[in-house]
Amino acid sequence: MSAEKINLVSIVSPVYRGENFVDVLCREIIAAFEPLQLNVEIILVDDGSPDRSWERIVELSKQDSRIRGLQLSRNFGQHYAITAGIDHAQGDWVGVIDCDLEDHPKYFKKLIEKMNEGYNVVFARRLNKKHNLIKQMLSRLFVMTFNFMTGLHHDSAVGTFSIMDRKVADAFRQYRESLRTYTLLVYHLGFDIGFCDIEHGRRYEGKSSYTLKKLLSLTLHTTLVYTERPLRAVSLLGLVMSLLAFLYATYAAAAYFFYGDRLVGWSSLIASIYLTAGIITFSIGINGIYLGKCFLEGLKRPLYHIKNHV
C-alpha cells in the first residue's frame, strides 16, 4: 500500500525517564508528518518510568487528540512497551521510534519513501553513531557474538527506528512469546525488509538505561532465544573430549603392553579431571538456562499489564 492510500500512520514510542523531552518528541513527530499530508496518531507507552513521564503524557493528550498514552503497571522493558504500543495501534502503517530523539522523527519521510518502493517494513540504519566509545564497542561485541552464535547477519547500525505496514504489524501481534526482541522478531517474520541510512543524533537529555550488566544480559538472552547453537556446541565439545580421551587411553594401553611404559603424572591427571568437570558443569548450566526459558514460556503469562490509558 503506497502512502497515497494511507489514512492513518501510528507512531509508537516507549517512554522511560522522558518527562523533560516527551513533548519535544511529539512536536517533532507532528512537524515531520504535516508536510507529508498524512494523518498521524502518537502512542506513548510509559514503561514504568520513575519520573513524571506519565503526568506529561496525560497533559499532552489533553492538548492534542492525536496523542495517546498507555501506562504499564511496572517497568517491563523496551521491547514489551513497543509490543503494547503496536497492539493498540490503529494505523494502516505503524512506526516505532525511541523517545530520546537519537533517531530524529524528520527521517520518517525517508522511511516512507523507501516503503513506497514496495517494502513491507523499513528500518533506519544509523550512520556515525554518537554513542560513547565503550557503548559502541559493547554494541559491536553483542552483534558479533549474536551473529556468530545464530548464523544471522544483524547490523549493529540498525535499531528499533522503523515503519511497517498493517500486514507486518498484525503478524507481529500473533507472536506472544515472553522472550522477545522487537527488531529480530520482525526479521523472523520474513516479509520484505528495506533499509534507509540516516544520521544518528545525540540523546536529547540524560543517559541510556542500558548498563553494562543489561547489555551482557541482553546478549545472553537474545542468543539463547534465537538459536540452539550453544547446545550443539556443547555437544560437539563433549564428543571431541570423549574422542581425545579414547585416543589417549589407546595410546597409554599400547605403550604399556608393547613397550612396558607406564605413563605417570598426577598433574596431568588432576588437570584433565578439572577440565572434564568444568565442561560438564558448563553443559549443565547451558541446558539449565534453556530449561528455565522453556519453563517461563510454559507459564504463558501476559506480556504486560496496562495501569492507565488516555
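1. A definition comes first: axes are lines fitted to C-alpha atoms, for helices over the stretch in contact, and the angles between them run from 0 to 180 degrees between N-to-C directions. Contact, in turn, means heavy atoms within 4.5 Å. Please keep in mind throughout that this is a predicted model.

2. For the chain as a whole, the protein has 10 helices and eight strands, and 44% of its 310 residues count as buried. The accessible surface comes to about 17,200 Å², with 59% of that area belonging to carbon and sulfur atoms. Among contacts between residues at least 6 apart in sequence, 82% join residues at least 24 apart.

3. The eight strands of the sheet form an open arrangement in the order E7-E5-E6-E4-E1-E2-E3-E8, and their pairing is mixed. Strand E7 (193-199) and strand E8 (306-309) are the edge strands, each of them pairing on one side only, while the twist from one strand to the next averages 20°.

4. Within this sheet, strand E4 (residues 93-96) pairs with strand E6 (residues 158-165) in the antiparallel sense, over four bridges. Val 94 has Met 164 in E6 as its bridge partner.

5. Helix H3 packs against helix H6 (residues 166-174), in that their axes come within 10 Å and cross at roughly 125°, which makes H3 oblique to H6. The contact is made by Thr 83, Ile 86 and Asp 87 on the H3 side and by Ala 169, Phe 172 and Arg 173 on the H6 side. The crossing of H3 and H6 is left-handed.

6. Where does Gln 90 sit? Gln 90 is found in the loop between helix H3 (78-88) and E4, and because its relative accessible area is 57%, which is over the 50% cut-off, Gln 90 counts as exposed.

7. Which residues does Gln 90 contact, leaving aside its neighbours within four places in sequence? Gln 90 is in contact with Leu 8, Ser 10, Glu 41, Arg 68 and Arg 166. The C-alpha atoms of Gln 90 and Ile 43 are separated by 10.0 Å, although these two residues lie 47 residues apart along the chain.

Definitions and conventions. Residues are numbered from 1 along each chain as its sequence is written. This is a predicted model: local features need pLDDT of at least 70, side-chain atom pairs count only at pLDDT 80 or more; totals for chains, interfaces and linings use all residues. Side-chain values use heavy atoms; hydrogens and water are left out. Helices (H or I, at least four residues) and strands (E, at least two) are DSSP runs, numbered from the N terminus. Buried means under 20% relative accessible area, exposed over 50%, partly exposed in between (1.4 Å probe, protein chains only). Accessible areas come from the Shrake-Rupley method with a 1.4 Å probe; for residues, only the protein chains shown count as cover. Two strands pair if DSSP finds at least two bridges between them. Angles under 35 degrees count as roughly parallel, over 145 as roughly antiparallel, 65 to 115 as roughly perpendicular and the rest as oblique. A crossing is left-handed if the near helix is turned anticlockwise from the far one by less than a right angle, and right-handed if clockwise.
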